[in-house]
Amino acid sequence: MISLVPTGNLGGLNPSIVSVSPIAGSRISAGDLVMFDIFDTSAVTDAAQLVQFDDKRCPFNVVVRSPVDAPSASVWGVALSGAEIGQRVKVAVTGLVSATVYASGASLVAGASVGPDAVGGRMTQASSTVPSLGIFMGVVATPFSSGAVSSNQSATGYVLFDGFAAIASGSASGGGGGLSGAVASGTANQLNYVLNSPSNVIEFAGSDPDCYGNVISGGGNSVQKNIIYGDTSLRTISGGYNNVIGVQGTTGSTATIASTIGGGAHHRIALNADNGENTVTPAGTTTPDHGTICGGSYGLIANGSYGTICGGTINTIYETDATSATATGAYAFIGGGVYNIVSGSGGVVSGGNTNKVLAQNGFIGGGVNNTIDGSKEGANIKSGSVVSGGSGNTIRCAVQASIVGGSGNSIGSSTTVDYGLYGSIIGGINNYIGNGVYAPYSTVLGGLGNTVNSSTAIACGRNALATNTGQFSQGGQQFAALGDAQSSVFVIKVQTTDAASTTMTSMGSTPVVPLDTTWAFKCMIAARNTGSDSESAAYEVTGCVSRASGGTMRIVGTPTVTTVAEDVAAWNVAVAVGGSTLQFNVTGEVGKTIRWVGRLEISEVTG
């Protein structure tokens, strides 16, 4: 069998050879054109049916070297090997094969249509586009010799061959050619091929000279055709049915250029090209190019160049925001699954069900009904967020936020305000970061029903609420409201250079006691003079503070301040309340740079 990968305008076309092994009824040489001794040609309409006759017991299982008086309707083949009478011979009935072709009245070039030669045993090209017997059987796939064969000469070369002959009816045009079940159009250097015609269609709205190299290499049927529309080039539909590239009646040299549908059914690569299932209406105006749909069904690349859908069903790539240069769906990728959508540039959905990446460079690994939303806040594009899996997880308007899994978790509550940028939820159920409040750089470690509404904070357990900067809250399941039964930890610090009383803070903020809440606290504080190896101290502060529902703060009882160790007696620690905050005030020395760090532990109850 012949193995050849076509180049040039046929680069995307590599039809497999279909061959059978009938009995030779005459002496046959490799490359000969042969005719099957099948008298009832209506019994055979395609190569798959012909294979059924490849049996010694079948009375029609005979081929002979093409006779001079060949009938106009028959089944033809090209011998891939030689054989004597009575021997079996390998015969190709479709595919890219090597055959002897006679140039009759015109030079033989790529794209020429060929049919049986009147002298028998070979194929020929007549001086017109119609072979001498008026029968199309093949198209020259590569120029013979060094580009062409002169008139009235024979040569052996490669032919895109279909042994199911069709009477010529003038369908070959412009120097192109045709074969049974196929049509070709354009100049010899700009061929567009449609196999399984008239089921499939390449239709151009105008006469753009750059419309070349379009190929539909199979699939389709009379009801659900494969179609390529528009005046542009290098588009391919390899198979399947009801697949469409382009929009009927459109023109333009870049619309859907170099796009490919590998197979499957009901796919579309074109702006607003509805296929009956993908219900998203794109807001953008850019028709995609260089798009690829590999297989599956109901894939739609509506706009967004260089997009790829590998498989699955009812998956969509489209542009959501015509005013944003980055939210075009360009470079987007959907691996598979069902009902998945990507509209952000560089967005990815690997699979799963009903997942949506609507922001730039977002990634959803899988799961069900996960969403990354909010492409921009003014000119501040939000991108790079990740949902690994789970179900019902959402990231809104956040830069490089992540949800590892779980269900019903959410980062950010607005598509225009970046409440949860750089946030992370490890898993669990119904956890939140930035629920209407700025909460950048924060984390939920998992658990159930936890919320972080502050910067650089952490929550875990059940029903924990972190509202202070740097707070690490662990919930113990609420009594009646979020955060009403939990413990928290803060790291507080300050640096002093004088003897004034100075308040320690958690990343610049003093811990705020919520309304109607009591805190029992213990704070271990370490101090060190940065200019001396012999001046350090440690203190333990314990006590209780309460804030009324009306906002009034008070210290319950008398706090205990214990000097655990101290090199300098002048250093001091005190506890106080101010407004809504619990304060730890430290006193150092003039001219000494002293750093104070405390671990503040709180048991918290609200009600």
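Which residue in E43 is the bridge partner of Gly461? I looked it up in this predicted model, and the partner is Gly475.

**Entry 1: around E43**

I started with the strand itself, E43, which spans residues 472-476. Its covered face holds Ser473 and Gly475, while Phe472, Gln474 and Gly476 make up the uncovered one.

Next I asked what pairs with E43. Strand E41, residues 458-462, runs parallel to E43 and is joined to it by five bridges. Strand E44, residues 485-496, pairs with E43 in the antiparallel sense, over four bridges. I then followed Gly475 into E44 and found Gln486 as its bridge partner there.

**Entry 2: the E49 and E50 hairpin**

I moved on to strand E49 (residues 572-578) and strand E50 (residues 581-587), an antiparallel pair joined by seven bridges. For Ala576 I noted Gln583 as the bridge partner in E50. Two residues lie between the strands of this hairpin, and Gly579 takes a positive phi near 65°.

**Entry 3: salt bridges**

How many salt bridges does a search of the whole structure find? I got six, and I took a look at some of them.

Asp32 and Arg65 meet through their side chains, at 3.2 Å from N to O. This pair links distant parts of the chain, 33 residues apart: Asp32 sits in the loop between strand E2 (23-24) and strand E3 (33-36), and Arg65 in strand E4 (residues 62-65). Is Asp32 buried or exposed? Its relative accessible area is 9%, so I wrote it down as buried, the cut-off being under 20%. Arg65, at 38%, is partly exposed.

Lys592 forms a salt bridge with Glu535, and their closest N and O atoms are 3.0 Å apart. Lys592 lies in the loop between E50 and strand E51 (594-606), and Glu535 in the loop between strand E46 (517-529) and strand E47 (536-547), so the pair ties together parts that are 57 residues apart in sequence. Glu535 counts as buried, because its relative accessibility is 16%.

I also checked Glu601 with Arg599, where the closest N and O atoms of the salt bridge are 2.9 Å apart. Glu601 counts as partly exposed at 30% relative accessibility, and Arg599 is partly exposed too, at 45%.

Notes. Residues numbered from 1 in each chain as written. Predicted model: local features only at pLDDT ≥ 70, side-chain atom pairs only at ≥ 80, totals over all residues. Heavy atoms only, no water. Buried < 20%, exposed > 50% of the residue type's maximum accessible area, 1.4 Å probe, protein only. Pairing = 2+ DSSP bridges. Salt bridge = Lys/Arg side-chain N within 4 Å of Asp/Glu carboxyl O.
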